[in-house]
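Here's a quick tour of the model you have open.

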Amino acid sequence: MSVATEQTASEFQEHPSAPLLRMERIPHVWCPSCGIGTVVKCYATALERSGVDLDKVSVVSGIGCSGRVAGYMKLDAFHATHGRAIPFATGLKLGRPELLVTVISGDGDLVGIGGNHFIHAARRNIDMLVILINNFIYGMTGGQNAPTTPISAKSSTMPFGNFEEPFNLPHLAASSGAPYVARWTCLHIRRLTWAIEEAIQRKGFRFIEVVAPCPTLYARLNKLGTGLSEMRFYHDNAEIQHGCDTRDLDIGFHEKIVCGKFVDEERPTFLERKDEHYAKILGDKYIPMGPEGGMIHE
Amino acid sequence: MPQFCKACGRCIEACPKGCITMGTEIEPATGFTPVILNLDECTACGLCFSACPEPYGLQPTINEFETELFDPATHFGPRTTSAPTPVEIPDQQVPLPELEPLVLKGNHASAIGALLAGCRHFFGYPITPSTEGAELMAKLLPQLDGVFVQAVSEVATINMMYGCGGAGQRSMSFTSSPGFSLMVEGLSYMIGAEVPGVVVNVMRGGPGLGNIAPEQSDIKMLCRGLGHGNTHAPVLAPSTPQEMLDLTMLAFDLTMKYRNPVVIAADGFLGQMTGRVQLPKTLVEPGIPAWAVWGDEMHRGNLISSIYLNEQDLEAHNIHINEKYERMIDSEQRADLFFCDDAEWLVVACNTPARMAKGAVEEMRKAGVKAGLFRPITLWPFPIDLLVGLLPNAKGILVVEAGTGPLEDELRIALSYADVHSPPPITNIRRFGGILPQQQEIVDSLSSLVEVKS
Ligand SMILES: Cc1ncc(C[n+]2csc(CCOP(=O)(O)OP(=O)(O)O)c2C)c(N)n1
Ligand code: SF4
Ligand code: SF4
Ligand code: SF4
Ligand SMILES: [Mg+2]
């Protein structure tokens, strides 16, 4: 920053992520020290490093603070309905099978109102990369309880502390059939970037949970300090345990957060199964859909 | 027996003597081909009875086999217990001490109204600009012998209300436009099964995610589109925090009286604005309605369901529902008339735009123009009976709304059903996207109407 102030405007170096961002929409809506921006940066870096054709990448978000991600990415970006990013992405993937379809959205969006879609897309192993930003709360609407809020943490709809059991997301994803499951925090920017890069190379329903600070609501309601103190907390309390049994990945209130890659296996995707099944049953009569998505009149 | 045989063939398999064969004649009552019994070889082993899955299918007779249908009472005697006819346990009004008026947000006033009306069950899903209502309920209900549940969606919310209301309890939710869209399926079921419940829709800009600023475009959905089938519900439109409380209490009254959901159409501005609110003189201690599936002996005969497979039954059910709608239309029309008695220029507006319209009418009166404000409080049923009497004086009607015209549509539909085929000219001011019509706009519009006429 000190370097930048000595430069004139025209001398500004372009930010490395700029080619992937809709700079005209910046500044974004996120609060100071919110973790969502970190995820955007890691995702952008991973995309560039992976060497995928950026014209064939799409990003879908639902609704929420995290749901605003799609709106800032200079990619084929879609802002879907609250909770429905995954069925939207399913439709998109089946409409344009050659695209790399990414879903980036919040915990409330993807496993609260969208929970049913989440487990079924994992069960079908639809080819998409799902990055879930878990801030343990409904940020956009002002701090209500989420299906991830740890027991005893406060939210505006659990003013006396939460008593509902939260989801253990990697376990939910793995037991629903996801072939790639990982969890990182916003502190682990390198590992998160590598994980996204790696997941881009895999196929099927790939799931990465990113534990992110929401200083404005979750941290404030729970007196956890600033975004920076949240990062210190991750530093002191995140434990990397690759291959950990997903049953052991619950997150308690202000307790250790086990991170790592927990599942990385191969399983035929929805479209692969479809092709295999109909080829067997219908033989020559089966007309598989091309990567561009069926009959197109050029 | 033949009427109850579904021709599954299990008894044929079961019979060691080959007494049973599949029939070939279609039984007119069912469309199946019941089995044929030839009992010459029958040893009365009873295996076919055990095999038959039909409760009224094959069963033993006392003396000899026959294929007549039996009343189960012949075998098992009269039913040992029979549910008594349930009786209504009425609500009680409990006097409240007189209190100074409170200063409350519209959403909070509505939540307090619900508590005073005896609601102790809140189900909801956060959505701006309605969430303060849910948040207050989350604080208060655990201290008031009640339950607050944050559902995982509005679909879950409305079905929780369906269940809770089915047990005869008063339940409610706060939501805003996109959330209300998700509730309409459940509302159709509640209307079909005649289950009460109150939903406060703090309307915002649409379509789609739109924005969180006030709009009134949902009036179309609330009055004409409450889910599939023959559906209507009283739609109440408050325009002050005081009315947020009063109309929520009224909504509970109506929802229990008619066994039909009731919707409160508020707008984003009203939900957020604060104002003085006088608490009522009494609060309600709810009883138990006779129809409730309450879960005791008295209510055991009750059933909550919206399925009527037989066409005649479903038609009769709809006729019954229509009779309820007729009763609502006859007795529940409400409107607030402001300077309407001699009004030549009628402004029609509800919710927050009615506040601007009121200011505009006052301004016009000061300028000597006979303007009046007709403010529907029930949007469905539209208070047409109160309007018709004002029409002979009226030279023009100006509909002011923060929406693309659904209030005007309701007005025009009501006029047409009231056989008013040449009403005074209707003009409008429509703002949307979260922008409210302003007093000056209304004054300007009225002034130009008056000028043109004179
Ligand atoms: C049908 C519907 N209901 C409710 C809302 C309001 N709403 C917007 S975002 C949101 C929750 C977002 O939570 P999360 O996905 O955790 O995202 P965060 O803001 O925490 O990043 C809700 C309930 C909506 N937009 N649509
Ligand atoms: S409310 Fe929380 S999640 Fe939303 S932008 Fe602010 S810090 Fe981030
Ligand atoms: S880390 Fe925070 S303070 Fe530092 S440059 Fe980034 S936004 Fe600014
Ligand atoms: S077992 Fe019962 S249902 Fe089945 S064919 Fe015989 S009578 Fe009919
Ligand atoms: Mg969240």
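**Around ligand 2**

The shell around ligand 2 has eight nonpolar residues, three polar ones and no charged ones (nonpolar means Ala, Val, Leu, Ile, Met, Phe, Trp, Tyr, Cys and Pro; charged means Asp, Glu, Lys and Arg; the others, Gly among them, are polar). Among the surrounding residues are A:Trp30, A:Cys31, A:Cys34, A:Cys65 and A:Cys214; a residue is near a molecule if its C-beta atom, placed from the backbone, lies within 6 Å of it. Helix H9 (residues 215-221) of chain A gives the most to this shell, with three residues; helices are DSSP runs (H or I, at least four residues), numbered from the N terminus.

This is a predicted model, where local features need pLDDT of at least 70, side-chain atom pairs count only at pLDDT 80 or more, and totals for chains, interfaces and linings use all residues. Residues are numbered from 1 along each chain as its sequence is written, with chains lettered from A and ligands numbered from 1 in the order in which they are written.

**Where the chains meet**

On the chain A side, 17 residues are in contact with 14 residues of chain B (C-beta atoms, placed from the backbone, within 7 Å). That side of chain A divides into seven nonpolar, ten polar and no charged residues.

**A helix in chain B**

Helix H12 (residues 351-366) of chain B has 16 residues and reaches 24 Å from its first C-alpha to its last, close to the 22 Å expected at 1.5 Å a residue (1.5 Å times one less than the number of residues). After H12(B) comes B:Gly368, with a positive phi near 85°.

How values were computed
Helix = DSSP H or I, 4+ residues; strand = E, 2+ residues; numbered from the N terminus. Contact = placed C-beta atoms within 7 Å.
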